[in-house]
Amino acid sequence: MSKVGFIGVGVMGMPMALNVMAGGHRVRAYDISPAALEAIGRKGAAVAGNPADAAQGADFVITMLPTGAHVADAVFGPDGAAESLGGESLLIDMSTGLPGDFDTLARRLNAQGKRAIDAPVGRTSKEAENGTLLVMVGGDGDDVERARPLLDCMGDTVIHCGPTGSGIRTKLVNNYLSIVSNVVVAEALAIAEGAGLDRDSVIEVLMGTTAGRGHLGTTYPVKVLAGDLEPGFMIDLALKDLGLALQMSADNDSPNVMGAAAMPVYDAAHQQGMGRLDWTAIYRMVTGRPT
């Protein structure tokens with residue numbers, strides 16, 4: 001089995017490292033937190049004194065840190081992993097940071113004859129504990145396949161998203177949708193409560209429609225992404241109904257920031273003559289090109 005240097009054993013990194021160990025790999029861990037190092041040491045990992053020590057003799061070095069700046073410091077800073085990262089070793093950055101930061105890191109390593117892939121994760125700390133994370137990987141196909149047995153220890157879904165840097169970019173797209181949708185859900189439930197509705201009944205209705213099931217899994221695959229813009233629900237109707245919902249929310253003093261932000265987008269589609277197309281045609285409008 002592989003020798004793995006694991007840099008960053010916090011809330012997510014700790015269970016990930018433990019699952020790597022459970023897969024039979026030897027882990028040498030480093031973290032700036034003495035408590036974290038003591039905890040993983042008690043679980044059987046070797047404890048490193050710095051990132052360079054963690055990377056010494058490793059087949060793989062995994063970084064799971066808060067930002068790209070932290071990763072850069074762990075790799076290229078004093079006693080950084082790059083000092084002892086061998087030419088046959090592979091750096092796997094599983095952090096969530098700016099894509100440009102990872103691109104710079106990968107270029108610097110490549111200039112030294114060393115290789116890196118990005119493999120940020122989706123899902124929660126509970127899935128990290130269970131080894132059921134979703135891993136989004138960007139990198140050369142051979143590097144990704146070489147890393148796959150290790151990634152399989154941490155996730156039950158490993159998706160090769162494209163060339164180096166694609167993993168972190170996919171992760172940020174995922175988080176954008178999830179984080180913004182969270183606000184929409186909160187506002188929708190607040191509007192329901194402001195209207196005096198039973199929340200559980202509203203949720204039951206929402207879970208039976210596109211509202212709760214989500215456009216990506218319902219309308220988009222069969223409409224705009226399939227090149228079909230015959231209306232299942234017209235943009236003009238969406239514009240009308242959104243206006244009605246905004247008026248109701250205003251009457252009830254309920255928050256409607258996200259709805260108000262969406263209104264001019266639907267109105268622009270109407271003004272561009274798209275009103276009688278399926279509402280998923282919004283995708284065509286915002287991208288400025290046919291699918």
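## Close-up views of a predicted model

**View 1. The buried residues of helix H8.** Ser 166, Gly 167, Ile 168, Lys 171, Glu 187, Leu 189, Ile 191 and Ala 192 are the buried residues of H8. Buried means under 20% relative accessible area, exposed means over 50%, and partly exposed lies in between (1.4 Å probe, protein chains only). The model is predicted: local features need pLDDT of at least 70, side-chain atom pairs count only at pLDDT 80 or more, and totals for chains, interfaces and linings use all residues. Residues are numbered from 1 along each chain as its sequence is written, and side-chain values use heavy atoms, with hydrogens and water left out. H8 covers residues 166-194, 29 residues in total. From first C-alpha to last, H8 reaches 42 Å, close to the 42 Å expected at 1.5 Å a residue. That expected span is 1.5 Å times one less than the number of residues. Just after H8, Gly 196 takes a positive phi of about 80 degrees.

**View 2. The whole chain.** The protein chain has 14 helices and 9 strands. Helices (H or I, at least four residues) and strands (E, at least two) are DSSP runs, numbered from the N terminus. Along the principal axes, the C-alpha atoms fill a box of roughly 65 × 40 × 30 Å. Of the 291 residues, 42% count as buried.

**View 3. Helix H8 against helix H13.** H8 and H13 (residues 257-271) pack at an angle of about 115 degrees, their axes 8 Å apart. Axes are lines fitted to C-alpha atoms, for helices over the stretch in contact, and angles run from 0 to 180 degrees between N-to-C directions. H8 and H13 are therefore roughly perpendicular. Angles of 65 to 115 degrees count as roughly perpendicular, under 35 as roughly parallel, over 145 as roughly antiparallel, and the rest as oblique. Val 180, Val 183, Val 184 and Glu 187 of H8 meet Val 257, Met 258 and Gly 259 of H13. Contact means heavy atoms within 4.5 Å. By class, the residues of this contact are 5 nonpolar, 1 polar and 1 charged. Ala, Val, Leu, Ile, Met, Phe, Trp, Tyr, Cys and Pro count as nonpolar, Asp, Glu, Lys and Arg as charged, and the others, Gly among them, as polar.

**View 4. Helix H4 beside helix H5.** H4 (residues 68-76) and H5 (residues 99-111) pack at about 15 degrees, with axes 9 Å apart. That makes H4 roughly parallel to H5. H4 contributes Gly 68, Ala 69, Val 71, Ala 72, Val 75 and Phe 76 to the contact, and H5 contributes Asp 101, Leu 105, Arg 108 and Leu 109. The contact has 7 nonpolar, 1 polar and 2 charged residues.

**View 5. Ala 17 in helix H1.** Ala 17 lies in H1 (residues 13-22). Its relative accessibility is 0%, so Ala 17 counts as buried. Leaving aside neighbours within four places in sequence, Ala 17 is in contact with Phe 6, Val 9, Val 27 and Ile 40.

**View 6. Two loop residues with positive phi.** Most residues other than glycine have a negative phi. Asp 79 has a positive phi of about 55 degrees. Asp 79 is in the loop between H4 and strand S5 (90-93) and is partly exposed at 40%. Arg 123 has a positive phi near 90 degrees. Arg 123 is in the loop between strand S7 (121-122) and helix H6 (125-130), and is partly exposed at 42%.
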